[in-house]
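The sequence and the structure are shown first.

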Amino acid sequence: MNKRINVAVIFGGKSGEHEVSLMSATSVIKAIDKKKYNVLPLGITKEGSWMIYNGPIEKIESGEWEVAAKKQLEQNPNNNILSIMPLGGKKSKLAELVDVVFPVLHGPFGEDGTIQGLLEMADIPYVGAGVLASAVGMDKVYTKQIFKQAGLPVGKYIVIMRKDFRENKETAIRLVEENFQYPIFLKPANLGSSVGISKAHNREELIKGLEMAAKHDRKMLVETFINGREIECAVLGNDDPKASVAGEILPSHEFYDYNAKYFDDGNSKIVIPANIPKEKELEIREMAVKAYTAIDCSGLARADFFLEKETMKIYINEVNTMPGFTKYSMYPLLWKETGLSYDQLIDQLIGLAIERYENR
Ligand SMILES: Nc1ncnc2c1ncn2[C@@H]1O[C@H](COP(=O)(O)OP(=O)(O)O)[C@@H](O)[C@H]1O
Ligand SMILES: [Mg+2]
């Protein structure tokens, strides 16, 4: 029998999407084929502390894993397998124990190229996009610039720096009001899961929204409101990426905010395949692969679009290089409909990680 592959599943992390990561990682760990893979769960606390966790998987989602992991660490303080850098020509402790890492982390310090860079330096293969694509995909401003350059349709936007906003609110507000009509969208440039995002219908909400976005990032985005259906497409692969069927999000709230995404009464709905004209679906699938290639992505990404209701024009909104990954998340469900089960998807992603490492 072949040797089982050792996979470290990293979860948690310092971002506002810590809890989302706990949910995604729980699903991944449960579904991973234990005949083929050994799983080493590695948690990162919100403070950024790394810990090995050997307890029941059920305790990850609730956050109880932290207590158990801390206890283990106290009992065995010299258990230094988390030492990650190669030393004196030798592999790092982690690389000795682990064949591949699956960083199931969303948002900054996880989906943004930082952990990817760390794993490159540590010389360990990892699932998902590399440093550049992760960093670009996390920054909504750079993503849009690259999409525009690639000829992908992007909605109108401007960038406001926190410093400028705080120093001169009047000028910032004038700039926005000269360029846009309400309602508008306000976003921190680097985040996800709708954290810090708001829709402003008037000046008062604009100020509040910019203040909120400024809490999360020094760079903020103001976007024109697109009255569209939200269509998403999954992409998988390295040099020859493939797009899944398209799916639609029907948000329960005014827009797909954090509560609608994760703590909903179950009223937000995912419709797969999206009930849109065939030619629109094909166009979206093509654009999804184009966007993926434009940011030099590998492994996986979910590309998100708006299909404008009135004009049927497609706009690309963003790419997520580590999209929500529970069994009920859009990304795996899109592949399921396209013919790839959740377990097969995990298997392919690990395979792609190793392939990319070997083809460096
Ligand atoms: N320009 C826009 N027009 C209309 N709705 C938007 C716009 N930008 C964002 N939204 C709504 O806000 C949600 C979150 O914004 P998004 O840019 O996708 O950020 P995140 O990275 O947090 O998912 C979207 O799913 C959509 O419902
Ligand atoms: Mg989004």
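The text below takes up the domains, the contact between two of them, the ligand site, the backbone and the salt bridges.

**Domains and their contact**

The model is a predicted one, and its domain assignment divides the chain into domain 1 (5-126), domain 2 (137-154 + 227-358) and domain 3 (157-224). Together they bury an area of about 1500 Å², to which carbon and sulfur atoms contribute 56%. On the domain 2 side, the residues that lose the most area to domain 3 are K140, V141 and F255, which together account for 39% of what that side buries.

Polar and charged pairs also occur across this boundary: 5 residue pairs are in polar contact, with both partners at pLDDT 80 or more, and the count of salt bridges between domain 2 and domain 3 is 2. In the salt bridge formed by the side chains of D139 and K219, the N to O distance is 2.7 Å.

**Ligand 1**

Ligand 1 is surrounded by 19 residues, of which K140, K187, S194, E230 and E318 are the closest. K140, already listed among the residues of domain 2 that lose the most area to domain 3, has a polar side-chain atom 2.7 Å from an oxygen atom of the ligand. The backbone takes part as well, as the table shows for T224 and I226.

| Residue | Protein atom | Atom of ligand 1 | Distance |
|---|---|---|---|
| K140 | polar side-chain atom | oxygen | 2.7 Å |
| T224 | backbone N or O atom | nitrogen | 2.9 Å |
| I226 | backbone N or O atom | nitrogen | 2.9 Å |

**Backbone details**

Most residues other than glycine have a negative phi, and most peptide bonds are trans. Against that background, the peptide bond from Y182 to P183 is cis, with omega near -5°, and P183 belongs to the loop between α9 (169-179) and β6 (184-188). Another cis peptide bond links I272 to P273, with omega about -5°; here P273 is placed in the loop between β11 (269-271) and α12 (278-294). F109, a residue other than glycine, has a positive phi near 60° and is located in the loop between β4 (100-103) and α5 (114-122).

**Salt bridges**

Side chains of opposite charge can pair when their charged atoms come close. The count for the model comes to 19 salt bridges, and one of them joins D99 to K3, with the closest N and O atoms 3.6 Å apart. Why does this pair tie together parts that are 96 residues apart in sequence? D99 lies in the loop between α4 (93-97) and β4, whereas K3 lies in the segment before β1 (5-12), so the pairing connects parts of the chain separated by 96 residues.

Technical notes
Residues are numbered from 1 along each chain as its sequence is written. Chains are lettered from A and ligands numbered from 1 in the order in which they are written. This is a predicted model: local features need pLDDT of at least 70, side-chain atom pairs count only at pLDDT 80 or more; totals for chains, interfaces and linings use all residues. Side-chain values use heavy atoms; hydrogens and water are left out. Domain bounds come from an automatic or database domain assignment. Buried area is the accessible area (1.4 Å probe) that two parts lose on being put together, summed over both. A salt bridge is a side-chain nitrogen of Lys or Arg within 4 Å of a carboxyl oxygen of Asp or Glu. A polar contact is a pair of N or O atoms within 3.5 Å; within protein, one must be able to donate a hydrogen and the other to accept it, and residues adjacent in sequence count only if both atoms are side-chain atoms. A residue is near a molecule or strand if one of its heavy atoms lies within 4 Å of it. Helices (H or I, at least four residues) and strands (E, at least two) are DSSP runs, numbered from the N terminus.
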